[in-house]
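Trainee: Could you take me closely through one part of this model, the way a helix packs inside its chain and what lies around it? I would like one connected account.

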Amino acid sequence: MIKIKLLLLVASFSICACNQYLELKPDKTMVLPETEQDMQALLDNVNFMNAAESSLGEMAADNYYLTDNDWQSLDINDRELYIWGKDVFGTGWGSNYRTIMYANTVLETLEKNPSIDITARNRLRGGALFFRGNTLFQLAQLYMLPYDKDIAATAPGLPLKFTAAIDDPSVRSSMEKTYSQIEMDLREAAVLLPEEKPLFPTRPNKAAAFAGLARLHLVMADFEQAERFADSSLMLQATLIDYNQVINSETPFAPFNEETIFYSRFSGGGTLSQSYRKVDTTLYTMYADDDLRRTLFFREQDGHVYFKGNYDGQNTSALFNGITSAEMLLTKAECLARKGKSSEAWNVLSELLRSRYSNNNFNKVMPIGATNVLNFVLNERRKELLFRGIRWIDLRRLNKEENLATVLTRNVLGKEYILLPNSSRYVFLIPDDVIQQSGMEQNVR
Amino acid sequence: MKFISTTNLCALLLFFSAVANAQTLIEGNVVSATESGPLIGATIKVNGKAVAETKNSDASFSFMSDSSEVWVEISYLGYETKRLSLYANQPNFVKLDPITGTLEEVTVSTGYQQVPKERATGSFEKLNNDLLNRSVSTNVLDRLEGVSNGLAFDNRNYNVNQSGGNPAIRIRGVSTLFSSLDPLIILDNFPYEGNISNINPNDVASITVLKDAAASSIWGARAGNGVIVITTKKSSADQPLQVNFNSNVTIQNKPDLRRLPLMSSSDYIDVEQMLFENGYYNNSEQSLSRPAFTPVIEYLIAKRDGIYTEEEAKGLIDDLRSKDVREDFLKYVYRNQVNQQYALNVSGGSASYAYMFSAGYDRNIGNRYGLTDTRRTLRLVNSIKPMKGLEIQTSLQWTLLDNDNTSASGYGQIRAAGKDLYPYARLADGFGSPLTIAKDYRKGYTDTAGMNRLLDWNYFPLLEKGRSETKEQDLLFNVGVNYQFNDGFNAELKYQMERSTNRIEYFRGLDTYYTRDLINRFTQVDNGIISYPVPMGGILENTQSGLQAHYARMQLNYKKSFGSLHELMALGGAELRETNSSSMRSTIYGYNDRLLTYARVDQVTRFPIYDNLGGLSTIPGEPFQFSDNTYRFVSAFLNASYSYKARYIISASARRDASNLFGVKSNQKGVPLWSVGMAWNIADEPFWRVKWVDGLKLRTTFGYSGNVDNSKSALTTISYAPSNPYNNLPYANVVNPSDPSLRWEQVGTFNAGLDYSLLGGRLNGSFEYYVKNTKDLFASTPIDQTTGFLNFVRNSATTSGKGFDAQINGYGNIGAIKVAANLLLSYNRTKVLEYFSESARASSYINNGIFISPKKNEPIYMLYSYRWGGLDSDGNPQGYVGDELTTDYRRISRETTFEDLVTNGSSVPLYFGSFRPSISWKGTTLSANILFRWSYYFRRQSINYSELFANGKTHADYSLRWQHPGDEQHTNVPGLPYPANSARDDFYAKSEILVDKADHIRLRDIRLSQDFGNLRKWHIRNIQVFIYANNLGIIWKATKSAEDPEYGTALGPPKSLAFGINVSL
């Protein structure tokens, strides 16, 4: 009998002891996301949220050139990308969608935890929506045709992800759906995000969301809205760096400087490393002698011009591509110029350029004629926002306008390569693995 | 006919019943199973009462019995006691097995019970002490290679610079693909979680490998990869004092670096010159990070800039063509490795008390100057029987591992000038004085950059030593209480605690380039004021980790014989296991190891790097890093077997495990596992009259074991990281996407075995056939990146494995010469039945056979390749897209379908085994172990030009390359291109032309020993001396390539020679 009892004891012991004993977390660093802190920690993963931007566009744009020797020493993928070859597949698709997955994880966690207080909830939801919308916007500039109202309903868009579930199938939406999703995300973010300047510009605030919307509408050629949002952003944050106060060095601009509305940077790329990217000489000659950017942005060495105006305090291929108040001023000026409000545009532009010229002495006379003012503004945009991924976005949208379109050329080993406006080479191929695994439609290039 | 045979049978039965009540004569002989010698004086017992003893020179016996079949127990000193049925009217030929190691019957240990081998239904393989001591090693698992059936060692990740690494061991192919490939190691009664090097092989009595479900299902959820049970030496009661001492010294050659298939220095220099002429280095010359160049490039720059004349430069460069840095490594860095091993074992016992004490000391002088390992072990085992039926056993095992490393980097561990160390580098000058090498920056820069503000920026490979000390202490305490009731019940309570601490101190002082370089890079110059954020002083990395494991088990055993025919054995119980491992790692700057002072550093600020040599950077090394993991298991188990006449045996087992799987509801945390089995001792049947077959046992089992990975979760989990360098805020990573379909992996095994013994045991062995099917196998599968994940470990495949393990042991005498041979042969073919994410790109499955294959009905580890179309007239490799010959490599990679791939074959051997002949004469024994592996393929390495240009990876195939039109007729090595094309290199590397058959035969070792036997005058029971030569090399291989298919491009372990002595008092 004793033995039977013992056996029963043993059996019952193992059943009832189980439940509590087995609730212990196997790994202390591991948690199921639920608290405000958990979600903030996901959004604060700077490497994945802010520093994973693809530099494909910048590498294909015309801010720089490669010498023949340098081109030959590169890997074949970079060589092809440089000459706008046919088989150029996007890299960084996965890291961009990882950013979206993190945002979706935060959104899903918020849904499941209604107890989180409203201030935190708004900040987190706004933040997640901003990251999702902003990342979709960046992807749209690489993997979709330039925005065009007429084809938007049918042209292929991006796969839109609203959950972090791995079995959620990836299906391409239309251009229209993609852009309206970006707008919805950023608009809601603009409502929810706080006005205050965040602890670090790696976290978005209301000004960042407005700036995102301004970028979006500029690309959609909705200048009315673009101006409105640029203005809204500037109302909250319009500080400029006075370049007269900047000490010239190899890295003149500190990271998280006062002009930065939102911080993000490229993940880096072969042709963009500091010694490869030789600045286009025509571009360099556009800077006047008393334009401080001439010396702060560039260094001449052995007959080449090198860029050092990165807004991240370092001179690597991981260049800053975030949002600045200067960009918003330029957007505002462009929209005003396009509406024919030339002198208003000139005033806005002058405000920026005063901080860029020696002794704050920008004294150019306004050109005559709305077109000339617009061209002047666009030139200044080109000179201010180089090596930030913006040139690629601008090329795509301006090519839609015949008089603003640009033919790009590259010379490699005596051969000339040309990228015509609106060429299908302005769209990168989606990585092949993704196409094969998801069955999505590939781009035509 | 049928009628006749039935009547015959009836007559036979009638005859038996008629004689049943009469006394009949039972007679026979008892011999030794190994030597076939008669065993005179063996005792035959019936129901515990001695009825006869063997006599005469033929060791015959006879006695009268009531029945024609009688259940007896036969014992002989030094031999395993045997129980069996004897029959009247026929000669009974009984062979006894000599006892190896300790005084117990041939039992196999499952960790829960000792099962007499003859009563086992499952697949157990016992390796006795003699076999384990045949080879010499510091690590006990190394001794299993080539002596254990069905165990495959995967040596592909062997690294000559890392001693003590464990090869992957696979029992009967692969079951789990992700969790952990290693089998579960049981030390005595409980899983061993510590470092396997803590176990002194001299303390091991035997090892049992549990291969099928009946054997391993008792270990449940972690037994899917098989189980290895290590049984340590125990004391036994009523044993006079015994002392055993052994010692050996192993001398191992330096690694044979000269055998590496590399480019000559002269070829390498030619490539550098070609690159230089093409302006490959122009960009680096412009770079602000001042990247280092090799001496040849520096000479070429100096020549271009007019510093050297054409002749001067040529002279300097040509001087380097004959240099080979491997010679310097062999001379200044490597030395012969010397391993010393000493072990002492004392045991004895009275009727109620037994003890055993052992001490071991190992000292390994590593193969590089400055490497030493020592291991000290102490073990104390006690067993007390304070009252009848009660036994208390305790054991205490203490291990101290010490590892000192003040060695310079080994070959292949140094990168200089952004590449692998160039082949003509020189480590020392003609007088042996260390030389400097431009590692990170150009020499001209480091010489002048500092302007007296910086520390010496020269890198001397031979002086770059640092000091790393590892101390590991492990304490294992074990107590077991066993009470034997009168009626066959037996209750056990066991508890084990393991506590191990490991501390690694890695100190790099100002005498190391690493530290000086870091200080220099972080030096800040602000308006002429110089500051050093990385303080002047050494850098100490301190890692402390600890392991604490507790096990508790309650178990009730029942064993009873009913009459002389029936026997029932059962056990049931429950156990708790908890393993906690934690670690703390810290980086301390400005450390002074004499005064124990350190400096606080700012690890928050992102500092600009000196002279813009790099981007903004925080001072590296987390000040602190913590980890803390706890795994818990609760299990209940039942196991029973019933035997009838010791001839028919059935067995069954069931087990339920539950663990603290994260994010899984309690009721899903467990999994029930079970097995059933039967065995039939055919040779014991009265109708069995084949005289030359004296043992034949058929057994078969079926059951399930499983695998669980506690790091997986069904819900989205995130893990915190301390702080990010941008803003010093904590942040989190998503580690695990939500996977509602997460399940336990299950392994179902069917096993059928036949044990045989022929010709009086002269030929014996076993043959086992098995089917091993896995369901819900964990594997890392590539998934659509749009999900935000690159790949994902999930239950992704169903596989089916089939195989056999055959063993033939033969013994024979030619006069006084004894000959023995053992042959092990295993076959395993595991194929994929189902693969859950199949739509991935075909070309992504071309690799070295390390990923799971998605192709149905093909081996799970499979080598695929691109079809090879030869070289074209420009020396470019050609492939196919469909049937079209092309050099568009990107198209090949994109458009090749699964059907287009060349299926080479399995990348793991389908057949493998060993042959171990031995010959002995008057105490002198010579034996060898020959290993073979069959039916598999490997991918050779060859020249990869992109890797050559970018990383300095060289290969001897370079000299066979295409050079002129027409060469394509007799070579398959592509020509030297400029610029390099990584797609072309990738195609060549993955083409079928580089796949070779890996089949080979290897002479693993030879052992010569001399036993001096009993020297009573000196109170010595035995002295044995031996010589053991190991890693003797390949005897035959199918490939013509110089590579060893087992180790790939890496060097295998060098030859070694050991001398040893064993003394027993």
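Mentor: Gladly! The crossing of α2(A) and α7(A) is left-handed (the near helix is turned anticlockwise from the far one by less than a right angle; clockwise would be right-handed). This is a predicted model, in which local features need pLDDT of at least 70 and side-chain atom pairs count only at pLDDT 80 or more, while totals for chains, interfaces and linings use all residues. Residues are numbered from 1 along each chain as its sequence is written, with chains lettered from A and ligands numbered from 1 in the order in which they are written.

Helix α2 spans residues 36-43 of chain A and helix α7 residues 93-112 of chain A (DSSP runs numbered from the N terminus: H or I of at least four residues for helices, E of at least two for strands). Their axes come within 9 Å and cross at roughly 165° (lines fitted to C-alpha atoms over the stretch in contact, with angles from 0 to 180 degrees between N-to-C directions). That angle makes α2(A) roughly antiparallel to α7(A), a label for angles over 145 degrees.

On the α2(A) side, the contact is made by Met39(A), Leu42(A) and Leu43(A) (C-beta atoms, placed from the backbone, within 7 Å). Facing them from α7(A) are Tyr102(A), Thr105(A), Val106(A), Thr109(A) and Leu110(A). By class, 6 of the contact residues are nonpolar, 2 are polar and none is charged (Ala, Val, Leu, Ile, Met, Phe, Trp, Tyr, Cys and Pro are nonpolar; Asp, Glu, Lys and Arg charged; the others, Gly among them, polar).

Now step out to the neighbouring chain. The contact between the chains takes 73 residues from chain A and 76 residues from chain B. The most comes from α1(A), with 11 residues. That side of chain A divides into 33 nonpolar, 24 polar and 16 charged residues.

One more piece of this side deserves a look. β1(A) pairs with strand β35 (residues 717-721) of chain B in the antiparallel sense, over 2 bridges (pairing needs at least two DSSP bridges). There, Met30(A) has Ser719(B) of β35(B) as its bridge partner.

Key:
Parallel < 35°, antiparallel > 145°, perpendicular 65-115°, else oblique. Contact = placed C-beta atoms within 7 Å.
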